[in-house]
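Please look at the structure below before reading on.

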Amino acid sequence: MIGVDSARNVAGAQEGALSPANDMFWSWNTGYIFMKFEGNSASAADGTFRFHVGGFAGENAAQQKKSHMMHDHMLSISPSASPQVHIMVDVSKALDGQQPISLAQKSKVHMPGADAKMISLNFSEAFSLDHIHD
């Protein structure tokens, strides 16, 4: 899953990777930011873009599920093995995915909604299984 499930979203601030210290928790909305993309672009009206993507409920829920075929490869997980799965991420697909986003037209998304869901759908296509080491 890309995102934070609804049970953890409604459980309030947590520890570890979900700690508010990581600046990925919307305390005003009692939910988590799943992905943050921030940067500079001459295409954006003010020269910057900021996408804070989240939202776990309703038709605009931004969590996405992604699965990868491992083909004929068996991943063996045991106390004596240290397998490594290498997943590649093409971050540009967040903007250039199935529903391309023009920074000239939209350069800020800071709350759950249709725009956040669109970015999350694009980003879910950014992941690919590269290879596995057993």
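A residue is called buried under 20% relative accessible area, exposed over 50%, and partly exposed in between, with a 1.4 Å probe and protein chains only. Lys108, at 31% relative accessibility, therefore counts as partly exposed. The model is a predicted one: local features need pLDDT of at least 70, side-chain atom pairs count only at pLDDT 80 or more, and totals for chains, interfaces and linings use all residues. Residues are numbered from 1 along each chain as its sequence is written, and side-chain values use heavy atoms, leaving out hydrogens and water.

Lys108 also takes part in a salt bridge, meaning a side-chain nitrogen of Lys or Arg within 4 Å of a carboxyl oxygen of Asp or Glu. Its partner is Asp46, and the closest N and O atoms are 3.1 Å apart. This pair links distant parts of the chain, 62 residues apart: Lys108 lies in strand β5 (residues 108–109), and Asp46 in the loop between β2 and β3 (48–54). Helices (H or I, at least four residues) and strands (E, at least two) are DSSP runs, numbered from the N terminus.

By this rule for salt bridges the count comes to three. Another joins Asp23 to Lys36, with 3.0 Å between the closest N and O atoms. Asp23 sits in the loop between α1 (6–9) and β1 (25–26), and Lys36 in strand β2 (residues 31–40), so the pair links distant parts of the chain, 13 residues apart. Lys36 has a relative accessible area of 28% and is partly exposed. Asp115 and Lys106 also meet through their side chains in a salt bridge (3.1 Å, N to O). Asp115 is partly exposed at 31% relative accessibility, and Lys106 is partly exposed with a relative accessible area of 25%.

Is Leu18 buried or exposed? With a relative accessible area of 17%, Leu18 is buried. Leu18 is placed in the loop between α1 and β1. Contact means heavy atoms within 4.5 Å. Leaving aside neighbours within four places in sequence, Leu18 is in contact with Val4, Arg8 and Tyr32.

The strands come next. Two strands pair if DSSP finds at least two bridges between them. An open sheet of four strands runs in the order β1-β2-β3-β5, with mixed pairing. Its edge strands, β1 and β5, each pair on one side only. Between β2 and β3 the pairing is antiparallel, over seven bridges, and Ile33 stands opposite Gly54 in β3.
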